[in-house]
Each structure stands twice: as C-alpha cells, then as structure tokens.
Amino acid sequence: MRTRTERFLPFALLLPTIAFLTLLIVIPMVQALLLSVMAESDGLSLDNFQRMFADVNFSDAWRNTLLLLILIVPLQIVLALVMALLINSRFRGHGIFLYIYAIPLAISDLAAGILWLAVFTERGYLNSTLQNAGVIDQPVLWLSFDNFAGILSAIVIAESWRATALVLVILIAGLQLIPRDFFEAADLFGANRLRRTVHVVLPLLRPSLQSALIIRTIFAFQTFAVVFALAGRNMPVLAGEAYTWYATNRNEHVAAAYAVVVLGLTVVAIIVYLRVLGLREAEVQR
Amino acid sequence: MSSIAIDAVSKIFGKTPALKDIALDIRDGEFMVLLGPSGCGKTTLLRCVAGLEQVNSGRIRIGERDVTDLAPRDRNIAMVFQSYAVFPHMTVGSNIGFGLRMKRRPKPEIERRVREGAELLGLVPFLDRYPAQLSGGQRQRVAVARALVMDAPVLLMDEPLSNLDALLRLQARADLKRLHKEVKRTTIYVTHDQVEAMSMGDRIAVMREGAIEQLGAPMEIYDNPATQFVGGFIGSPPMNFLRGAIRDGSFTGDGFAVPITRMRGDLQGREMVLGVRAEHITIADDGIPARVMVVEPLGSHALVTVLVGKTAVKVQAPIDVAVRPDQAINLHFDEATLRWMDAGTGSAIQR
Ligand SMILES: Nc1ncnc2c1ncn2[C@@H]1O[C@H](COP(=O)(O)OP(=O)(O)O)[C@@H](O)[C@H]1O
Ligand SMILES: [Mg+2]
C-alpha cells in the first residue's frame, strides 16, 4: 500500500511548474487569443486580423521573420553540432572551449544587440579595423536602411553569436548520454570519424537535436531585441510589430493578432519537427 | 594465419597498473578464455588487442602484422561488447550488416551475408525489427551475428553472456561453442565465470591483478592449479585448502592429521597448503575425523560441508548419504589427487 503522501508527492512536485506555466504562459496566451478576436467596441470580429494584414509592414515582417529563421536556425545547429562534436572528442584543453563558447549565454539579448551595434555602427569596431588595415577608405554604412543585406548579415551574426551556445549545451548533454560503447563499436566495425558521425552519432542524437531545434525555432520567431538594437524599425519582424502596435500605436488587439500569428507558426514548426525527427515507436526502449 | 601474439604488454591507468607485462600467444583458430575475478584486467587486455586502449609498452601482433599502433578499424577484428552495443536506431538487419556497409562491400554481398548471419543465429524472423523489440537473448545474438558476418579472422568477446538469465546463458553457451566449431575464428573470450571458461575454452588464461597466473587447457588447470588462487577460483565448489606441515608421515595442522605415505624428503617440516577437490574426498568408516556442518542435496549428489580441525571442507557425497549436521564422521583423501602449495607464496610444489 502506498501512503497518501507518496501518492500526492508527484503532484506536489509538479505544482510549482504548473503554477509558473499557467501564470506566465497559459493565461497570457488565452488573453492574447481573446484580445485578437475581440472588436475594439465589443463582441467578436476578425477586424484586428484584417488591420494586421492590411498593415504596410505586415508582409515585410512576415518575410523577414521567415528569412531570419531559415538563415539562423540551420547555421546555429550546424555550428553548435561541430562545436559539440569537437568538445566531445576530448582533445587536450577541450574544457576551455566550452567555457569560451558559453560566455554569450550570460548576456541578455538586448545587451548582445547593443554590443554588436558597437561593432557594426558607422564608427564601430568593424569599420575602424578595416580602415586601419587599409581594406576600405570610407566607413561602410552596414546598418543603413537601404543596405538590406548588411542589416540581415549583422543580425544573423549577432543572433548566432548570442544563442548558438544554448544549442551547444543541449547537444553536448545529448552526446554525453550516448554510451561510449556505440562510438567504439562504430570504430571497430570500420567507420571512420565522418561515417561514424553520420551513421551512428547523429541518429542517436536525434532527441537532443529535436529539442534544440524546437527551442531555437521558438526563439527565432520571437527574435526582436537584437533586431531592434541593430536595425531599429528598418527591419520589421513579427514580434517587433506586435511590440510596436502595442507600445507605439496603442492597439493591443492588433498586437495580439501578431502574437497569434507567431503562435500559429511556432505550433506548425513544432509539429513538423516532431514528425520528421521523432523516434519511431519501435526504437524506444521500454 | 591469424594467431595473436601478445608480447610484454603493460597498461597503466594513472597510477594503477591494469596489465603487468602480459605475454600470451593464441593459436590460429583457438578459443582462448581470459578468466579472472572482476577488476583483474581481462577487459583491459581485450581492449588493448582491439585497439580501443593504447598499451603503455609491449607489442601486439595479429598473424604476421604488428597492430600495436593501428586504429581499431584497421586491425581486421570483430567484437561482441558486454553491453552488446547494438544500435537502437537500426533494424536487426542493418545492425548485422553495419560493418559490411562501413567497409563499402557491394550491396548484394551485404544482403547475402546478413541473411547467412541471421540464419546462423536464428534471427531471420527478426530482421526488420528494432533492438528495442527484442529480448536480451535475441539482442545478444544480433551482436554476435554482427561480429561474425565481418569475416574478420579474430573475434573478441567481453562477457557476452553476463546479461542473460541463467537458463538462457546455458543455451547461449552451447550455441557459441557450436558456432566456434563452425566458423573457426581465433577467439578471445573474457569471462569471470569459471564454468563458462571450463566448458568453452580450448585454453584458459587465469588472470589476477593484471598478470596471467596460469595458462593451460581447462582440465589441466582444474587438475593441477599452479597456485592456491587458481585452485580456489576454478571449480564449483572451489578446491579445499588445509594448512599445515609434514611431520612423521602425516600432514598435521590445526586439529587434524592427514596420513601421507609418499613425500619428498626435503619437504619435511615445511609450512604447506594441501589442496583437495570435493570429489576426491570420501566419507569412510575410519580416517581423518571431521564434524558435519551442513548437508546440501543438489539432485545428482550432495554437498557436505564439514569441519576438519578448524577448517571448513566441502565434500561431494552420494545423494543418499546418511549424515546429519553435528554428526562426527571420518574422511578419506585419495592421496594421488592431493595438491601441494607453498604456504607463503601459494605456488604449487611438486612432491
Ligand atoms: N578507463 C579506465 N580508467 C582508469 N582505470 C581503469 C579504466 N579501465 C579499467 N581500469 C582499472 O583497471 C583495472 C582492470 O579493469 P578491467 O580490465 O575492466 O577488469 P575486468 O574486466 O577484469 O573486470 C581495474 O582496477 C579498473 O579499475
Ligand atoms: Mg570486464
């Protein structure tokens, strides 16, 4: 017979998490949904969505968000994967690399954006370095409103620098969960390093890759602070438009509509990842 | 030719010496068992042969080739891991064919050999299943099949049966022995189970604390243990030991005297250990006095534990033996079967 305490203990332990999620995620999410379908006067309507679609910035924001997602997520996953495999190969001094890679984790996204602004701005580190090296005569306006490629590159670099370490940590944890025997068996049965990675390590890393992708994609849809710091409103993104509609235009309903679009995109992406990368039932050890 | 020559191999982990100057020659096609208690260095020696561990000194040759500095994949060996290391994301068929795919063999050849391997180990019905859908015994057979289809002349196995339950282990033991007869690979088989070693090995290398204590055919080791350690490790029950010295025609110790008729003169008075196996002791009407402690009927025979002087001794008796605990009885030792060891070093002494 299990005692009462034992039966309730799991629920008690889950309670703080559930409370936290309800308070900070579930309630705001429901509120946003309600806001987005509520007319400014009263009653339900799709007016807010119509205003959002008609907004001059909407299609740009939509395009830019997807563009950033497509550029940043694969880049981060590949970078983090290479770094994780490198660290996991336990060469001399691999610990130092982990510390260096992990530094950006401690920096807030707005701070990271400002930091990279100092690099890319007209009189920033990049221009002065290039000028001193004699590569350019005049400062290049990397972040000028008509230099879309420049802005995009700066954002991709800054975001990658800032958040790759998060992916790295997830992948390293995943790699360390793979029993050493699997690496050795691959080695012994004739796989070189590359083939071992492709045929054994990556497939076994799928659960971690999936978590990393989901987390990174959620954050990519929410990319905002770094974009704002580097490009201001020259580079509208969905999350940024939500903020602008709320803070500047003072229309919480259209802001909520943007939030709902971000939510929808996120859900679709997660479903795709779960489908493509999820473990087949047959592979799961019971 | 795929003999294996292990020549003066040492391996040190930090400050712990795991292998101390090991020399071992394994013949082509031989089934060599590395036997010893946990932590004696069996796995380390096997991993050194596989190339998964670098030796600190010494050389390892496979056939004519010095493989000491080669990577595992260049040594032309196959291995069955103690954990099996069967890849969970591949079907049984893909697992069996893994090594062949890595060696880029042509597809039809891979298919044919996977099928052969699966047939050899009774895995044909499971070829499309994933390891998680198999029992422990089936997974173990996948690991063996994966190693066998490689056609590597050398097969290494690290306690491949230790994760199976007792009944399955018995079956798998016989299967592995039959397989070895069929495929005749030079095999190194690691185990801490002396019954497994006895039943499977062409020869056994008994290891202790990083060194080989005795090397020989199973019965040779059973009958003539080179040391007290080997006698105590091989056999179930282990060999009985009595400590004493020869004085006036009998081996006398704490509370007992065993009459001895033949003995080298120079051994008179020397502190020695007498080793005797349970099946070489009989309960008799007169002889060495003993007191019964426990009687264990084991079906085919009974195992009787008695006190000789102050030493516990196990005796193999007929199943219908009529003795009870606390009863005073007499024992007869078959003198020709007695083994002698030095009391200090534990090494065997010829009489
Ligand atoms: N990777 C390692 N690092 C440090 N010590 C090890 C390592 N592998 C084995 N050892 C030590 O070497 C000795 C022999 O181990 P092992 O070969 O695994 O023994 P066995 O297989 O006979 O049980 C043990 O004392 C063990 O603790
Ligand atoms: Mg071991």
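Residues are termed buried under 20% relative accessible area, exposed over 50% and partly exposed in between, with a 1.4 Å probe and protein chains only. The structure is a predicted model, in which local features need pLDDT of at least 70 and side-chain atom pairs count only at pLDDT 80 or more, while totals for chains, interfaces and linings use all residues. Residues are numbered from 1 along each chain as its sequence is written, chains are lettered from A in the order in which they are written, and side-chain values use heavy atoms, with hydrogens and water left out.

Chain B contains eight helices and 21 strands; helices (H or I, at least four residues) and strands (E, at least two) are DSSP runs numbered from the N terminus. The C-alpha trace of chain B spans about 75 × 45 × 35 Å along its principal axes. Of its 351 residues, 51% count as buried. Contact denotes heavy atoms within 4.5 Å. Among contacts in chain B between residues at least 6 apart in sequence, 63% join residues at least 24 apart. The accessible surface of chain B, by the Shrake-Rupley method with a 1.4 Å probe, amounts to about 15,400 Å², and 50% of this belongs to carbon and sulfur atoms.

In the segment before strand 1 (4-13) of chain B lies B:S2. Because its relative accessibility is 10%, B:S2 counts as buried. Apart from neighbours within four places in sequence, B:S2 is in contact with B:D28, B:G63, B:P153, B:V154 and B:T186.

At the interface, 29 residues of chain B are in contact with 23 residues of chain A. The two chains bury about 2,400 Å² between them, 63% of it on carbon and sulfur atoms; buried area is the accessible area (1.4 Å probe) that two parts lose on being put together, summed over both. On the chain B side, B:R73, B:H89 and B:M102 lose the most area to chain A, together accounting for 27% of what that side buries. Two salt bridges are found across the interface, a salt bridge being a side-chain nitrogen of Lys or Arg within 4 Å of a carboxyl oxygen of Asp or Glu. B:R73 forms a salt bridge with A:D187, their closest N and O atoms lying 3.9 Å apart.

A:D187 is also one of the buried residues of helix 8 of chain A, among them A:F182, A:F183 and A:L188. Seven of the nine residues of this helix (residues 180-188) are buried, so helix 8 is largely enclosed by the rest of the structure. Just after helix 8 of chain A, A:G190 adopts a positive phi of about 100°.
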